[in-house]
Amino acid sequence: MSEAVLSPVRIGRLSIGALGILALALGTLQSVVEPALPLLQRELGVSPSEGALVGNTLLVTGAVVAPVAGKLGDRYGGKSVLVRLMAVVSAGGLLAGLAPNLPVLLLGQVLQGVMVGALPLSFILVRKHLPTGESQLAIGVVMALFTGGGMVGTLFAGPIAEGLSWHWMFALPTIAIIAMTLVITRLMPHDPPVQSDNRIDWPGMALLSGTLLAFMLGLVKVTGDGLPPLAVGAIAVVVAALATGWVAVERRAASPMVDLRMLAKPAIWHSCVLTLVITTSFGMVAFLLPQLFAIPADGYGFGLNTTDIGLFLLPGAIAGAVSDSLGGVTARRFGLRAVLIGGAVVTVATVIALVSLHTAEWQLVVAKVLIAIGAGVGTTALLTRTATAVETRDTGIATSLLVVTRVIGVAVGSQVAAAILDAGADSATGLPTESAFVTGFAMAGLVAALSLLVVRMTQKGVQA
């Protein structure tokens, strides 16, 4: 009798299917912005720097939620937390779907950013309600559908935006999210929370969120508006004060959001630095390519619409998904250092080639594929190495640090690339000049080359 009481309730295929479709819808909602960003900039009348914030606000929110989603699920129950997070995501998606201007759209993106917590919470549910073998299969299905959702969003953002309006890019996936959340609420059994004496580090979450948002907004203002030195200094002081406050809180917290002692370990800070450099370069190129595709064809651009941009970006999305899955295997086979050097060399060579070879669509498509492979294999290999370099009890926080660093790198890279385009805009047309794109590609190449220097300086920490 006691075993029957303690045994978890098994979940059926419908529940697993609902989690999978939810992941598919979330992946779609997350990815619709990239191919549609030039269209959003035109519709909203904003600059590339302001447009880059549309994707970056979601990333920043995700960076804050990532380290604590699992903790919340363990404490309060995976189902309970998942349903509440999806309510926030749904509110954000509906707000974005109704947004009349950029500030409202950004608020919607902030709310949508909590979607990053859906994956660890889904994993908690399947692990609690399925045997090990079946839970591994279910986790694989959920991850595959989330990745597939990214490809769906890339492919169908254009037809939806051009056939209906850009508002429906956010509204349609949100409707699917609401429907699947209702199904999960109905079918998924409740999982008991885990009692813990450790409190959730709410002050740490708030301060880290404020630091990241202040940094990103400050970067936009500094690079886009040409602020006077006094204003730049004020922004720097605000960011520094928030960051200092976060460090002070984390040092004193009984259960900190991020254990700062972890950063002192070579395996962690080496990986964080390399991940930041790799993803910054990738973020720059990922932002520049859709912008170049959208430049009118009567000059140096291609004049592509959102649908065509999505089609040309799709091979890169597929390459990124494949490389993400192969990073750990490749590192075990050839060694971490070889993988990092190989990925950096491929990225540097590709971006430098883009400086002069950007006159045909296939050149940009091939470049996106190669850069996605180089960045995906490298960052996943670092993530795998980090997960195995710490104690088992520290795996979650250690990998969360890498996830946060990865998100910040992509956000900073795209914001810097947008600033370069803003600075190189033609005064007559308002469009970036070709030389601005050349400068952006050259800068991305220099950042990627920096990873080779970092590997050299930290070679003892990146041995196989």
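Author: What follows goes from the whole chain to one helix, then to a cavity and a pocket. Keep in mind that this is a predicted model.

Reader: How many helices and strands does the protein chain have?

Author: It has 18 helices and 0 strands.

Reader: What share of the residues is buried?

Author: Buried residues account for 51% of the 464 in the protein chain. The accessible surface is about 20,400 Å². Carbon and sulfur atoms hold 68% of that surface.

Reader: How far apart in sequence are the residues in contact?

Author: Take the contacts between residues at least 6 apart in sequence. Of these, 82% join residues at least 24 apart.

Reader: Which residues of α9 are buried?

Author: First the general idea. An α-helix has 3.6 residues a turn, so residues three or four places apart point the same way. Now the case here. The buried residues of α9 include Phe-170, Pro-173, Ile-177, Met-180 and Ile-184. Met-169, Ala-171, Thr-174 and Thr-181 are buried as well.

Reader: How do I look for empty space?

Author: Rolling a probe the size of a water molecule over the atoms shows where empty space is left. In this structure, the search finds 2 cavities of 30 Å³ or more. The largest cavity holds about 70 Å³ of space.

Reader: Which elements give two or more residues to the lining of the largest cavity?

Author: They are α13 (266–294), α15 (336–356), α16 (361–389) and α18 (434–457). The largest share, 4 residues, comes from α15. Among the lining residues are Ile-278, Leu-340, Gly-374 and Ser-451. The lining has 5 nonpolar residues, 5 polar and no charged.

Reader: And the second largest pocket: how much space lies in it?

Author: About 540 Å³. It is lined by 26 residues, and Leu-208, Leu-212, Val-404, Thr-405 and Ile-408 are the closest to its centre. Elements giving two or more residues to this lining are α4 (48–76), α10 (202–225), α11 (229–252), α12 (260–263), α13 and α17 (395–423).

Reader: Which element gives the most to that lining?

Author: α17, with 7 residues.

Reader: How do the residues of the pocket lining divide into nonpolar, polar and charged?

Author: The lining of the second largest pocket has 24 nonpolar residues, 2 polar and no charged.

How values were computed:
Residues numbered from 1 in each chain as written. Predicted model: local features only at pLDDT ≥ 70, side-chain atom pairs only at ≥ 80, totals over all residues. Heavy atoms only, no water. Buried < 20%, exposed > 50% of the residue type's maximum accessible area, 1.4 Å probe, protein only. 1 Å grid on protein atoms, 1.4 Å probe; cavity = no way out; pocket = protein on both sides within 12 Å on 5 of 7 lines; lining within 4 Å. Points joined across faces, edges and corners; volume = space filled by probe spheres on them. Nonpolar A, V, L, I, M, F, W, Y, C, P; charged D, E, K, R; others polar. Contact = heavy atoms within 4.5 Å. Areas by Shrake-Rupley, 256 points an atom, 1.4 Å probe, with all protein chains shown as cover.
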